[in-house]
Amino acid sequence: MSADSSHGNSPAAVAIEHDLGAEHEHPTWSVYWKVALVLTLVTVLEVWCYYLPSFVATPYFVPVLLVLSAFKFTVVVMFYMHLRYDHKLFRVLFTGPLILAMIAITALLFLFGKLAIRTGLLT
Amino acid sequence: MATSALPTLPTADVGHGYTTTGLPHRKVAIWAFIGSECMLFASLISTYLIYKGRSVKGPFPHEPWTDPANGHVFKPILNIPVTSCSTFVLLMSSLAMVLALAAVENRDKPKVSLGDKILGSSRLWLLMTALLGITFLGFQAFEFTSFVHEGLSIRTNLFGSSFFTLTGFHGAHVTAGVIWLLTMLAIDFKRGLGPKDALNVDIMALYWHFVDVVWIAIFTLIYLIK
Amino acid sequence: MATIAAPSYAAPADYSVGEGWRSWLGTTDHKKIGYLYFFTALFFLMFGGAEAEMIRWQLRAPNQHFLTAETYNQLFTMHGTTMIFLVVMPLSAAFFNLLIPLQIGARDVAFPRLNAFSYWVYLLGAIFISAPIFFNAAPNAGWFGYAPLTTNAYSPGLNIDFWALGLQILGISSLAAGFNFITTIINMRAPGMNLMRMPMFTWMAFVVQFLIVLAFPVVTVAVVFLVFDRFFGTNFYTIAAGADPLLWQHLFWVFGHPEVYILVLPAFGLVSEVLPTFSRKPLFGYPVMVYSGILIGVLGFGVWAHHMFAVGLGPIADTVFGVTTMLIAIPTGVKIFNWIFTMWGGSIHFTTASMFAIGLVGMFTIGGISGIMHSSPPADLQQTDTYFVVAHFHYVLFGGSLMGLFAGIYYYFPKLTGHLLSERLGQWHFWLNVVGSNLAFFPMHFSGMLGMPRRVYTYDANQGWDTFNMLSTIGAIIVGVASLILVVNILISRKRGAIAGNDPWGAGTLEWSIPSPPPVYNFAHIPRVTSRYPMWDLTSPHLTSDVPHSKAGDQSIEVDVAGVEQGHVGGRTASAQPTAGGRGVPVDSGARIPTAAELGIPIPYTTTKPFFTALGLTVMLSGLPFAHMDKPVVQYVLLFCGASLLVGSLYWWLTSPLEPEVEHPQHTAH
């Protein structure tokens, strides 16, 4: 959160930043369509996994799907939502709550017995 | 102590509309809003996952179910091919959305080739985003009605309640986004969107992409993981 | 201390006269909205207080029948709901509105119309949830409304409908305000006001806004499930369909525990403003105060299940939540010690404001200690659902939140109205309050330890509870008298109190540099902030000389630090001419404050669109209960009219400009 305070505060700095802000160093068409292609391929891969009964039966199925969707999520957020290029403040405003949300989901699943620590020591 | 004279603080010569970070208010607010929405969908997704497999009667998402009362066999309810298509549609709408934003931001840049002109048409890409959004909603309407036909309503069991509420909340977000897009499109046709409208389109795009990433999570957690 | 400055200024401008009720309905001025929040919350303080008095009167002795069991249920539910959602949160919101822009050197909040919307949603939601008590249909399942108790099967009737929908409406108000204040604090700080120079109240408010925007969505979802169960026949809380009876409890307390910090952190912030001023010392350990505030906020999301130890979560969950609960005592304790060290060695002035602040330090510590007792699951199993818990949360919420807010009221009332509150009445208020609240709440520890359960409408004699209950009732009556004194004090002093002047207390932060009440534009010139206590740097430099001033960032904002420091030595403060909070606008005694138009400051238009949007929302949701009264026509008419009003006003609002066009088109941020 201290990100913004380190930023230039003078009117001149603000004006410069506005100019930059209007242009952004946003990626262009060539990046956008590649991202779309990657998203499509990963989605195809996910659905393909779903239709492989031998793979679904392995303990890797769920983690692989989670990693793939986390990858898609990250790519959209980084490139389409421009978080990779934008002000650090936005990264903080988004990742903070996102981490909290993921911890909350995990904690609730533990509490309702949907996840379990399988160390053998705690049961 | 209270002096009768007011001390004179040093003053800053900043114009109206100055912001500390140099970032526009509305963009800060939309990111805070998106952060808040993370918790909203986290609660909905948690509930769905907590209740997964706890319904005392079917139909179920991934397994067939035989009604003990009349022996009627219900198929697994989720239709992965259809939902994969709608997922693809929503992903492509995000592509259209970034192109619309880029077109608005670069409206004043000269466009030479046909490719430049197509890529630079904010109306085309806004319309495309809205249409893809409407297509997604169409898929969802088809999905909901076919589920109801197959015997799963919001009242049937825990799966029905949590599934329809979660995806319905997401659908409501998409609907709001489509209305937003169509409003922006109307403004574009009325007076044309230029670089000074880029902020408004940017905010709309952030909302739209967020709705998209929520669907990415829902697609995996609800549809694909058995 | 001669706290009252010579009235060398014009008599304060009076908000309540002039343009009449229309100016209130359409205001977007954060100070007027703060004023509205303040008086509405004060009204509900009396309302919730009256409910408490009736509860205590019923419990004064065994086997009383002053109230029926059903009325008692409604009263204790509404007492909790009122005090939390309609009193403490809005009183905090009144201070957020009034103070955040003033403390950070801004002219308004980031979204003035959204701010008005928040207030109107709060007011209409408060009426929606409170009015049913006059028709014996008030919510009756406790402020936490545990499902499945609140589902149709166990709570038929309209009572819970009003509670669930009312909570939904009030949540929208808090969320809208949360986004607004987050943006305001991030983006509207005056040049030089970096995060480590922000006044502590603004800091705590900042943390609270994040708690609000992250915790309220969770309870929104829990209540949506309840509303769907009640109106559309879903199964979220239907145990027969396989639902888990703990789902509501978990979702509710994921919200509910951060909510506790939402209630208490603003009071902590106010105390952190009051104590340095009246100890004539800067706040001790400012950075640690900031970090502990943030840590309380973060840890606050990780302790919720300590409200549910009695349900049997298992050893792992019990241990984890017990440990996190104990951990959260550390940053809280740090705050207590820092307040004590702030006072240590200071020249303490005992005004009503500082006495309430010191009262908070003492009372909250008692409540905090009994809280740590609850963090141990085995101990909690003995205490849960007894009056011991009631004693605990009244010490933290009354002795903590409310005492802090009272301190804030006495401290900031002059800034809000231009008039000081009467110190004589204030002393009566304080002493009766301290004696009454301890008499009311301390015996509850004993009645609770002796096994008296919460939420019972009466009890049998010979269980050892009689004396303690009688003491609690006497204490509650004394607190009631004290609160009436506060109201009388406010109503009298609002117009007739001693004229405050800009800085009646000799405080150090920005809000005291401008007239009281502040002009509509707050700051004629946006100040340039060079330290944590900009006013003390000028008026009492010896107070801040020991404090390591952070000079970081001064170069980048082109502040001539040396010049500023010489400025006050060179006698700027000795200048005989008062100025209106900025350079070059001298104000003689009795001279008027320049208007915004004269200074060329654009002021947002007065607009009723936020009000009508809020009205549409409330009308729409008030259609739903008619579904349970078999009046579908009324239901659909209200739903349709409300939705149309909501959507129409919202479009009208979003397509109309906020304020007149300005001559600085290069800054287009709104």
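Tutor: Buried residues account for 63% of the 226 residues in chain B. The model is a predicted one, and what follows was computed from it.

Start with the fold. Chain B contains six helices and two strands. Followed along the sequence, these elements come in the order α-β-β-α-α-α-α-α. With a radius of gyration of 24 Å, well over the 17 Å that the globule rule gives for 226 residues, chain B is more spread out than a compact globule. The C-alpha trace of chain B spans about 85 × 65 × 25 Å along its principal axes.

Next come the contacts within the chain. If the contacts in chain B between residues at least 6 apart in sequence are taken, 75% of them join residues at least 24 apart.

Now the aromatic rings. A pair of aromatic rings is described by two things, the distance of the centres and the angle of the planes. Counted over all chains, there are 81 aromatic pairs. One of them is formed by F163(B) and Y223(B): the ring centres are 6.0 Å apart and the planes stand at 75 degrees, so the pair is edge-to-face; the cut-off for that label is over 60 degrees. F163(B) belongs to helix α5 (residues 158–191) of chain B, while Y223(B) belongs to helix α6 (residues 198–224) of chain B, so the pair ties together parts that are 60 residues apart in sequence. F163(B) counts as buried because its relative accessibility is 0%. Y223(B), also at 0% relative accessibility, counts as buried.

A pair in chain C can be set beside it. F356(C) and Y410(C) form a stacked aromatic pair, with 5.7 Å centre to centre and 20 degrees between the planes. F356(C) lies in helix α10 (residues 352–374) of chain C and Y410(C) lies in helix α12 (residues 387–417) of chain C, so this pair ties together parts that are 54 residues apart in sequence. F356(C) and Y410(C) are both buried.

Aromatic residues in chain C also form a cluster, whose members include F85(C), W143(C), W163(C), Y237(C) and F255(C).

How values were computed. Residues numbered from 1 in each chain as written. Chains lettered and ligands numbered in written order. Predicted model: local features only at pLDDT ≥ 70, side-chain atom pairs only at ≥ 80, totals over all residues. Heavy atoms only, no water. Helix = DSSP H or I, 4+ residues; strand = E, 2+ residues; numbered from the N terminus. Rg over C-alpha atoms; globule rule 2.2 N^0.38 Å. Buried < 20%, exposed > 50% of the residue type's maximum accessible area, 1.4 Å probe, protein only. Contact = heavy atoms within 4.5 Å. Phe/Tyr/Trp six-rings, centres within 6.5 Å; stacked < 30°, edge-to-face > 60°.
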